[in-house]
Amino acid sequence: MFARLAVNIPAISGIFDYAVPAELALQIKAGCLVVAPFGNQMVQGIVLEITDSSSIQNPKPILDLLDPAPVLTPPQIALAIRLADSTLNPLAAIISLMIPTGLSQQADINYQLLITNYSDPSSKTATRLIALLNERGVLRGRQIDSHFAKIDWRKTASVLVKKGILSTKNVLPAPRVRPKFVRVAQLSVKPEAAEAEMESLGSTKQTLARRQAALRFLIQQPDAINLSWVYAETGCNISDLQELEERGLIRLFENEIFRDPLGKIEKQTTSDELTLTPEQTAALQSILSSFILHAKRSSFLLYGVTGSGKTEIYLRAAEEAIQNGKQVLVLVPEIALTPQLVRRFLARFPGQVGLVHSKLSEGERYDTWRRARDGKLNVIIGARSALFSPLPNIGLIVVDECHDSSYYQAEPPFYNAVSAAQDYARLCGATFVMGSATPTVEQKFQATHSPLHSGEPGVRVLELPERVTDSTLPPVQVVDMREELKNGNRGIFSRSLAESLAETISRGEQAIVFLNRRGTATYIFCRDCGHVLKCPNCETPLTLHLENKEHLLCHHCGYTRKRPSKCPQCNSEQIREYGLGSEKVEADIKSMFPQARTLRWDWDTTRQKDAHEIILTHFANHQADVLVGTQMLAKGLDLPRVTLVGIVLADVGLNLPDPFASEKVFQTLTQVAGRAGRSSLGGKVILQTFMPEHYAIQFAAGHDVNGFYKRELEYRKQLGYPPYAKLARLEYRHADDAKAEEEARRTAGRLKVKIEAEGRRQTELIGPVPSFFSKVDGIYRWQIIVRGPHPAELVRDIKLNDWRIEIDPISLL
């Protein structure tokens, strides 16, 4: 009996044969997590399949089984293989996404100091490494990494090993997470027997009183109870309880408890079902029909304007799936930014919902993962990573706000959770629903045209053209800021926006002011010589933040410095700030309307735990009049008291050298505008711009998604961008710019030779060129874009060590 394994080494993409020992033959099955030898080290591996024969002679045996239950379901294994193939990621890297942090462990090396008094004045790295090991003792490689940021200490360590100063040993750390147990107490005799022993429990009054109180408390408890509760309620101690146990009156033992992140979320008190509109009813019936008929077209795009009631359709479809004995997976852009949707699911399905997101502790994530695997949860809600929860019988997968860029993982392994969820639904035989008021051009194209690949089912569009409340979409007033300048207004706010803010505040209503930019000033420059203060690591302009004692900050690598009083180039005192950010907007509103209560919601104000929830709750409870924020405001919020949305500068991002820039700006503006007028109070939007003639601005002002789609589709066809072609983005990074350029040009030459040799006339290269952000955190970046019908096939068989490969990227910056 043999097993085929994917080993937990991210750079390894192959599948390896191992022998299954006789003592594990009945326990090991597909999806199990095991320990196996690999080279001269021990590694974790996932069993992909069990076979009767091996492709190699005398394969090494599996050493241990880490969990008796499989950690991956069969559909998850199929998804991992499909995703690795389509994205060109190593299979092990994809599988690592599916195993909880702490359970998955990678092989490492222990470093031990053999000669404590050794010194090497010529090497600062060697001196630091020896001092660290002297102080801390034996350390693993990944522990040492945290002390040597951006320093290649391993070469120095290898030299010290050869000299006999250090020794090394390959190790596989044990999983960091395990079930949590607490000590509990429970009555072990009938209450009458316990009462009969009350007077003989102690020789002193105090001892007797404590033990009587403990025993009477346990008589009232139907189940085992945590010892901490017994101590708190009765004043007894562990000696008292041990005495009661020795007398045979109670039992002391350990009980497993689940670490539940939902305990921190305020529950919604009511879950009254709403009356559906005819459009909602029709959309819901189409989705429910796919449950019954198992129709081939069981993928849906729920395309509805903001406030059209998409969440209620998700809830009712989930209810039907659960009644059919299935489980439901709901993906949202970010849990912290969608608390209203989470609360509605918790109210509709009490005790059946699990949350998965990056802010969970390892223990909370592990316990939620185990409950999902055991079928104890019917609904999993979470961000991108929730897709990989091991629900055993999925019947419905929902992706809310499917246009959102947070569904794309922008670090290796690269993947798009929306397309992966669609594949996963197909593998599970589940219904797939993605919803948005502003779906991407490619999503809408897929839903309105024939499938691009033969044999694959298409996507059916379900439209919700009207809001479910008495309100309609708010009117949008476009203000040309060039005219404001001509008329002498040099402030941040146009006259229209300033007047509307004053009126809204005076009526006791609420306003949202949106600017997609953090900080106080976009960049700092010298008016005499024109010098711009830039980050030394990234060569991008530094942003002024007044809240941080006038510090300048790099938003890419986190570099900070004080604001200089003189120009470092020419020593002039004419240092000035230019541009604006959310801090500056908030400060101006406070200056103009000192009586107004103002909140700011951006990355800087939400770094503390639960900050998102606190700010949103304050605003929803009308503890503030104006909410100033960045792109977080575009995340599906329902705030009925908001009657005004002011967009300070709609042009941000429009002129970036990215074929998807206009689409992203249009989506953001349309989503933010949809926050206004979601109740009978009505509302309006004021959109300030220096480019009122741009088509993205025009269509956003008219809430015209279809118009934008048609125009953008024309441009994409003319320029040869998705959905009319596919893209692959290859990026090379190096600390030396010349070496990065040399490797980029060498690889481009290899790709051109292959294009010509294989006759790929429709495939072309763009580049090599420096990336838009050409230097980040001290590392230079060069990129090559491959455009054509099947760019992945071109690069699949070429060895591209140290290159980052993105298939179907959502940005070329």
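Helices (H or I, at least four residues) and strands (E, at least two) are DSSP runs, numbered from the N terminus. The model is predicted, so local features need pLDDT of at least 70 and side-chain atom pairs count only at pLDDT 80 or more, while totals for chains, interfaces and linings use all residues. Residues are numbered from 1 along each chain as its sequence is written, and side-chain values use heavy atoms, with hydrogens and water left out.

**Backbone exceptions**

Most residues other than glycine have a negative phi, and most peptide bonds are trans. Pro412 and Pro413 are joined by a cis peptide bond, and Pro413 sits in the loop between β17 (408-409) and β18 (415-416). A cis bond also runs from Gly767 to Pro768; Pro768 belongs to strand β33 (residues 764-776). Asn571 and His703 are non-glycine residues with positive phi. Asn571 is in the loop between β26 (560-562) and β27 (575-578), and His703 is in the loop between α21 (695-701) and α22.

| Site | Feature | Angle |
|---|---|---|
| Pro412 to Pro413 | cis peptide bond | omega about -5° |
| Gly767 to Pro768 | cis peptide bond | omega near 15° |
| Asn571 | positive phi | phi about 70° |
| His703 | positive phi | phi about 50° |

Accessibility is classed as buried (under 20% relative accessible area), exposed (over 50%) or partly exposed (in between), using a 1.4 Å probe and protein chains only. Asn571 counts as exposed because its relative accessibility is 53%. His703, at 17%, is buried.

**Cavities**

A cavity is a set of points, on a 1 Å grid over the protein atoms alone, where a 1.4 Å probe fits but cannot get out; lining residues have an atom within 4 Å of a point. Grid points are joined across faces, edges and corners, and a volume is the space filled by probe spheres set on the points. The whole structure holds two cavities of 30 Å³ or more.

The largest cavity contains about 70 Å³ of space. Its lining includes Ala6, Leu33, Ile46, Ile95 and Ser104. The elements giving two or more residues to this lining are β1 (2-7), β4 (41-51) and α2 (91-96). For residue classes, Ala, Val, Leu, Ile, Met, Phe, Trp, Tyr, Cys and Pro count as nonpolar, Asp, Glu, Lys and Arg as charged, and the others, Gly among them, as polar. The lining of the largest cavity has seven nonpolar, five polar and no charged residues.

The second largest cavity has about 50 Å³ of volume. Among its lining residues are Thr438, Val441, Glu663, Phe666 and Tyr709. At least two lining residues come from each of α20 (661-673) and α22 (705-719). The class counts here are six nonpolar, three polar and one charged.

**Helix pair α3 and α5**

Axes are lines fitted to C-alpha atoms, for helices over the stretch in contact, and angles run from 0 to 180 degrees between N-to-C directions. The axes of α3 (residues 124-136) and α5 (residues 153-162) come within 10 Å and cross at roughly 75°. The two helices are therefore roughly perpendicular, a label for angles of 65 to 115 degrees. With contact meaning heavy atoms within 4.5 Å, Thr125, Ala126, Leu129 and Ile130 of α3 meet Trp153, Thr156, Ala157 and Leu160 of α5. This contact has six nonpolar, two polar and no charged residues.

**Val645**

Val645 lies in strand β30 (residues 642-647) and is buried, at 0% relative accessible area. Val645 and Ile512 are 133 residues apart in sequence, yet their C-alpha atoms are 4.7 Å apart. Leaving out residues up to four places away in sequence, Val645 touches Ile512, Val672, Arg675, Ala676, Lys684, Val685 and Ile686.

Note on methods. 1 Å grid on protein atoms, 1.4 Å probe; cavity = no way out; pocket = protein on both sides within 12 Å on 5 of 7 lines; lining within 4 Å. Parallel < 35°, antiparallel > 145°, perpendicular 65-115°, else oblique.
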